[in-house]
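This report is an introduction to one protein chain. Please look over the sequence and the structure before reading on.

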Amino acid sequence: MNSSSPHSPLPFFTYGICYRDVVTIDSNHLVTAVIHESGHRTLRVALVADHGQVHELLHGKAVDTGLPHEWLQGTCLAVDLPPGANEACLIEALDSLAQAGALHWEVDS
């Protein structure tokens with residue numbers, strides 16, 4: 001994983017929890033409950049076309065926002081959206097690329 005953030009990995013594939021949420025786990029280390037929600041949200045992106053150019057464009061946008069983010073194999077992006085985050089320019093880029101069929105994106109809270 002390539003990370004621009006100094007904190008723990010972002011939840012790429014775990015829905016229902018976000019960075020800094022307080023959770024309980026069972027004896028198998030699986031999350032059983034969210035005790036306290038942090039207010040953070042996770043923006044997830046999956047590239048489906050033209051990985052090189054789309055990756056570079058999104059990487060630049062993510063860096064410009066200053067928000068913590070991570071790439072998985074250059075095709076999946078997770079961005080931490082703390083309370084009050086301004087992700088508008090990133091969302092604008094995602095919308096146009098999604099309409100062109102280059103990616104899928106979502107925000108989990």
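## Basis of the report

This is a predicted model, in which local features need pLDDT of at least 70 and side-chain atom pairs count only at pLDDT 80 or more, while totals for chains, interfaces and linings use all residues. Residues are numbered from 1 along each chain as its sequence is written, and side-chain values use heavy atoms, with hydrogens and water left out.

## Overall layout

The chain has 2 helices and 7 strands; helices (H or I, at least four residues) and strands (E, at least two) are DSSP runs, numbered from the N terminus. Along the sequence they follow the pattern β-β-β-β-α-β-β-α-β.

Of the 109 residues in the chain, 38% are buried. Buried means under 20% relative accessible area, exposed means over 50%, and partly exposed lies in between (1.4 Å probe, protein chains only). The accessible surface of the chain is about 6,200 Å², and carbon and sulfur atoms hold 52% of that area; such areas come from the Shrake-Rupley method with a 1.4 Å probe, and for residues only the protein chains shown count as cover. Among contacts (heavy atoms within 4.5 Å) with a separation of 6 or more, 61% join residues 24 or more positions apart.

## Salt bridges

The whole structure contains 3 salt bridges, each a side-chain nitrogen of Lys or Arg within 4 Å of a carboxyl oxygen of Asp or Glu. One of them joins arginine 41 and glutamate 87, at 3.0 Å from N to O. Arginine 41 is in strand β4 (residues 41-47) and glutamate 87 in the loop between β6 (76-81) and α2 (88-99), so this pair ties together parts 46 residues apart in sequence. Arginine 41 is partly exposed at 25% relative accessible area, whereas glutamate 87 is buried at 12%.

Arginine 44 forms a salt bridge with glutamate 106, with the closest N and O atoms 3.9 Å apart. Since arginine 44 belongs to strand β4 and glutamate 106 to strand β7 (residues 103-108), the pair ties together parts 62 residues apart in sequence. Arginine 44 also forms a salt bridge with aspartate 108, where the closest N and O atoms are 3.5 Å apart. Arginine 44 is buried at 6% relative accessibility and aspartate 108 is buried at 12%, while glutamate 106 is partly exposed at 32%. Arginine 44 also lies over the face of tyrosine 15, 4.3 Å from the ring centre; for this, NZ of Lys or CZ of Arg must be within 6 Å of the ring centre and within 35 degrees of the ring normal.

## A nonpolar surface patch

Val23, Ile25, Val31 and Val34 form a nonpolar patch on the surface, with about 280 Å² of accessible area together. Patches are made of residues with over 30% relative accessible area and no salt bridge; like charges are joined within 9 Å, and nonpolar side chains (Val, Leu, Ile, Met, Phe, Trp, Tyr) within 5 Å. Strands β2 (22-25) and β3 (31-36) each supply at least two residues of the patch. Isoleucine 25, in strand β2, is partly exposed at 49% relative accessibility.

Histidine 55 lies in helix α1 (residues 51-65) and is buried at 16% relative accessible area. Not counting residues up to four places away in sequence, histidine 55 touches Leu47, Trp71 and Gly74.

Glycine 52 is also in helix α1, and is partly exposed at 46% relative accessibility.
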